[in-house]
Amino acid sequence: MKLLKSLNLRGWLLVGTAACGVVLAGAVATSGSPARAGAALEERKLPMKFNWVACEPNCRGWVSAVGIITSDTPRDFEDFAQGRQLGGATVVLDSSGGSVNDAITLGRRFRNLGLLTTVGISLQNRGGQSARPAVASEAYCESMCVFLLLAGKKRYVPDAAHVRVHQIWMGDRADDAKAASYSAQDLMIVERDIGRLAKYTFDMGGAGDLLSLALSVPPWEDLHELDAGELKLTNLVTTDLVADVLPHVDVTAPAMAELASKTQARFGAEQEQPAKSTKTAEAAVPTGAAQVAASQK
């Protein structure tokens with residue numbers, strides 16, 4: 001009997017360890033940035049903001065979603081959506097990731113609305129108010145942003161965009177993951193949230209290859225940037241035509257400041273326990289539960 005219990009415990013430990021790498025697929029967080037990254041990077045480090053970019057009369061417009069997903073983000077989106085006819089609209093993403101559970105909540109809301117997704121930076125008021133808005137394609141979608149991208153009913157990633165994945169890790173031990181120790185409670189948290197993220201991935205039509213790719217990238221290495229073949233293999237891309245998500249919109253690829261390539265993801269606990277909220281990136285200006293969690297770092 002003792003031997004059986006020992007084997008069962010060992011089996012669960014192996015499952016937990018493997019699962020840790022599996023979903024770690026798309027969950028990543030930003031750990032640093034060169035000073036030259038400038039305003040573009042700073043916006044990606046702030047809590048996510050939603051803006052409607054109008055381009056009438058020739059196109060419908062789209063939603064610009066820039067920043068880190070925090071515990072406040074799903075509610076902020078609901079406030080933004082109030083009174084707007086967003087069904088079937090496109091969301092243009094530029095984000096370093098954020099809260100795992102809140103990203104799942106937001107992603108399911110995207111899918112329920114039949115939203116389309118892509119990666120880019122919205123450019124408005126170029127050369128005066130009469131100029132049409134455009135989308136700069138050299139943008140970044142990392143960590144849980146990858147799962148928001150996956151929520152789109154149709155998904156397009158421009159050639160100049162950067163979609164990056166990485167393993168996730170316990171947040172308070174990400175700086176020296178090799179030397180840290182982990183408890184059974186830690187494994188339980190990892191297994192539970194990995195199960196949630198894995199189910200979400202398949203519900204959204206994602207492939208297991210997305211999870212497998214992240215498993216091969218430990219937290220002490222740089223993020224893995226998906227190439228064109230991997231974007232299709234993981235089913236993150238469903239169309240090669242920008243017109244399928246942004247008809248009549250100018251999509252450009254201007255030179256953007258280089259962003260940090262090293263990011264790390266973190267795990268916490270249940271959403272109902274804000275002091276240990278699960279997240280993969282931390283906003284520069286924490287809000288809601290994130291503020292409590294940040295104080296424990």
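## The protein at a glance

The accessible surface of this protein comes to about 13,300 Å², and carbon and sulfur atoms hold 53% of that. Those areas come from the Shrake-Rupley method with a 1.4 Å probe, and for residues only the protein chains shown count as cover. What you're looking at is a predicted model, where local features need pLDDT of at least 70, side-chain atom pairs count only at pLDDT 80 or more, and totals for chains, interfaces and linings use all residues. Numbering starts from 1 along each chain as its sequence is written, and side-chain values use heavy atoms, with hydrogens and water left out.

There are 297 residues here, and 52% of them are buried (buried is under 20% relative accessible area, exposed is over 50%, and partly exposed is in between, with a 1.4 Å probe and protein chains only). Of the contacts (heavy atoms within 4.5 Å) with a separation of 6 or more, 78% are between residues 24 or more positions apart.

S9 runs parallel to strand S7 (residues 140-142), joined by three bridges; strands pair if DSSP finds at least two bridges between them. Tyr 140 has His 162 as its bridge partner in S9. With strand S11 (residues 224-225), S9 pairs in the antiparallel sense over two bridges, and Arg 164 has Glu 225 as its partner there.

S5 and S6 (residues 134-136) are antiparallel over three bridges, with Ser 122 opposite Val 135 in S6.

Phe 50 sits in strand S1 (residues 49-53) and counts as buried at 10% relative accessibility. Leaving aside residues up to four places away in sequence, the contacts of Phe 50 include Val 63, Thr 73, Phe 77, Leu 106 and Phe 110. Ala 81 is 31 residues from Phe 50 in sequence, and 9.2 Å away in space, C-alpha to C-alpha.

Helices H3 (residues 73-81) and H4 (residues 100-112) have axes that come within 8 Å and cross at roughly 30°. Axes are lines fitted to C-alpha atoms, for helices over the stretch in contact, and angles run from 0 to 180 degrees between N-to-C directions. H3 and H4 are therefore roughly parallel (under 35 degrees; over 145 is roughly antiparallel, 65 to 115 roughly perpendicular and the rest oblique). In this contact, Thr 73, Pro 74, Phe 77 and Glu 78 of H3 meet Asp 102, Thr 105, Leu 106, Arg 109 and Phe 110 of H4.

## Two positive phi angles

Ser 143 isn't a glycine, yet has a positive phi of about 60°. Ser 143 belongs to the loop between S7 and helix H5 (145-150) and is buried, at 0% relative accessible area.

His 248, not a glycine either, has a positive phi of about 65°. His 248 is in the loop between helix H8 (228-233) and strand S12 (250-252), and is exposed at 60%.

Technical notes. Helix = DSSP H or I, 4+ residues; strand = E, 2+ residues; numbered from the N terminus.
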